[in-house]
Amino acid sequence: MDLHRNGTNGSCSSPCGPLTDYYIPDYILKPDSEQIILDNAPCCPVVVFINSRSGGQLGSSLIKTYRELLNEAQVFDLSEEAPDKVLHRLYCNFEKLKSNGDLLAIQIQKSLRLIVAGGDGTASWLLGVVSDLKLSHPPPVATVPLGTGNNLPFSFGWGKKNPATDQAAVKSFLAQVKGAREMNIDSWHIIMRMRIPQDGPCDPIAPLDLPHSLHAFHRVSDCDSLNVEGYHTFRGGFWNYFSMGMDAQVSYEFHSERKRNPEKFKNQLTNQGTYAKLGLKQGWFAASLTHPSSRNIAQLAKVKIMKRPGGQWEELMIPRSIRSIICLNLPSFSGGFNPWGTPGTRKVQDRDLTAPYVDDGLIEVVGFRDAWHGLVLLAPNGHGTRLAQAHRIRFEFHKGAAEHTFMRIDGEPWKQPLPKEDDTVVVEISHLRQVAMLANDPCKSKSVNDPSSPSCHSHDDDDSNSLEDEDEWEDGRKKFGAAATFKIPDEVEIAHLS
């Protein structure tokens, strides 16, 4: 492929070999660069986002290799520039170039694919930004497993082991991205509301302690329909899972220890060993002896579900022994386990349960009693206690014996204070649109429209719900970002973007 420059500006040199398939010229990425002419548009242009702090030193090494093989300007270090700023700049420039009749910009936008390398939290951060763009054809996303659990990459066939960072490995991965198929998955909107403390700090949770996906620095504004005087309301999204209880507590201790001693967390195997030790130290293998029943889910919260769009809220009865609850969108949790499994024929008929599809508008709700209960996932047909499948789920926390609990979204945990007075903390999860992922074979995630997807198993397995305002928070369920994370300049016609 020949590159013909219309000027002398531009820092990138001509790529060589097959990597021209992925190459994006400077003027597409940098609005002030000189335009060039390509004989042919790249068949698989990519923009790469890498968390340099993930995977020990692997993140920094991956950035170096990708920048050697591609245009440096199409590879971004997330510790230096946030993805919303990058994509805002890119799509505004697309619109400007398209209005000038630039055919290359049209082709690149049409075939653009995104690559994100990091943990599950990093991948979810990018998915949230892409969702907030509300494009008619959003770019699909491929995930590089650079974290500890790597549930998102594993769910779509990208593996769960940290990758090699040499040029041959990166070229191989790019070839897989080019051949990958698009797959839509459900996006889940989460709202969390809690009272502003009268004493102490103004924030009930330090902003840095909340995950990226809850947009901690951008709570809903005073003019937002979700805002309630005297309360903080956070809005975010997730694509893999929301969990609460013992698993989130172990994850919180792991992340806290990693912040205190980052030098001890240099590779995936060491991280997984430390994670297991913390689980033992927390006493979850003897939870009935070491943890008071006041921390069990049934004692902490009242749980309500809405099974189908426009349906009624029903109370979900949680067994008193359940200490951990997981709302699961993908068939991968805690490093590749599937807590839902595939329900047997009797469960399908008696309880209206189905296999876990990633695009059916339903989230699977699973419970665990203790760490021993979690070990059943090692068995071929092992699964947790299937509680429900729902289109929306709401947790209401009232004053009780526990002062706090632990929550986690897509691998990012935090310590959640609970009401001290006659008050309520509310967490509500609801379905909101879909996002496109790139799937590689073998892919664990299944579509409800895929004829090869499982329907049910013949075996029978595990042991064994008030009308409220459907539109209470409807106006607030328009995007994942609590603030205007994506703004189009006044001179750009928004209708062209969507």
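At the start of helix α7, a side-chain oxygen of Asp166 comes to within 3.1 Å of the backbone nitrogen of Ala168. That is a polar contact, meaning a pair of N or O atoms within 3.5 Å, where within protein one must be able to donate a hydrogen and the other to accept it, and residues adjacent in sequence count only if both atoms are side-chain atoms. Before going on, bear in mind that this is a predicted model, where local features need pLDDT of at least 70 and side-chain atom pairs count only at pLDDT 80 or more, while totals for chains, interfaces and linings use all residues. Residues are numbered from 1 along each chain as its sequence is written, and side-chain values use heavy atoms, with hydrogens and water left out.

Now follow α7 itself. Helices (H or I, at least four residues) and strands (E, at least two) are DSSP runs, numbered from the N terminus. Helix α7 takes in residues 167–179, 13 residues in total, and spans 19 Å from its first C-alpha to its last, close to the 18 Å expected at 1.5 Å a residue. That expected span is 1.5 Å times one less than the number of residues in the helix.

Which residues of α7 are buried? They are Val170, Phe173, Leu174 and Val177, where buried means under 20% relative accessible area, exposed over 50% and partly exposed in between (1.4 Å probe, protein chains only). These four sit on the same side of α7 because they cover an arc of only 100° around the axis; the arc is that of the directions from the helix axis to the C-beta atoms. There's a simple pattern behind this sort of thing: an α-helix has 3.6 residues a turn, so residues three or four places apart point the same way. Over on the other side of α7, Ala168 and Gly179 are exposed.

So what covers the buried residues of α7? The cover includes β3 (46–50), α2 (58–69), β5 (113–118), β6 (141–145) and β18 (424–439). Take α2: its axis and that of α7 come within 10 Å and cross at roughly 70°. Axes here are lines fitted to C-alpha atoms, for helices over the stretch in contact, and angles run from 0 to 180 degrees between N-to-C directions. The two helices, α2 and α7, are therefore roughly perpendicular to each other, a label for angles of 65 to 115 degrees, with under 35 counting as roughly parallel, over 145 as roughly antiparallel and the rest as oblique. On the α2 side, the contact (heavy atoms within 4.5 Å) is made by Leu62, Thr65, Tyr66, Glu68 and Leu69, and on the α7 side by Gln167, Val170, Lys171, Phe173 and Leu174.

Strand β18 is worth a stop too. Glu428 is found there and is buried, at 3% relative accessible area. Its side chain makes a polar contact with the side chain of Arg394 (3.0 Å). Arg433 is also in β18, but is partly exposed at 30%; Arg433 has a positive phi of about 60° although it is not a glycine. In the loop between β18 and α14 (494–497) you'll find Pro442, and the peptide bond to Pro442 from Asp441 is cis, with omega near 0°.

Thr233 is buried, at 1% relative accessibility, and its side chain makes a polar contact with the side chain of Arg193 (3.3 Å).
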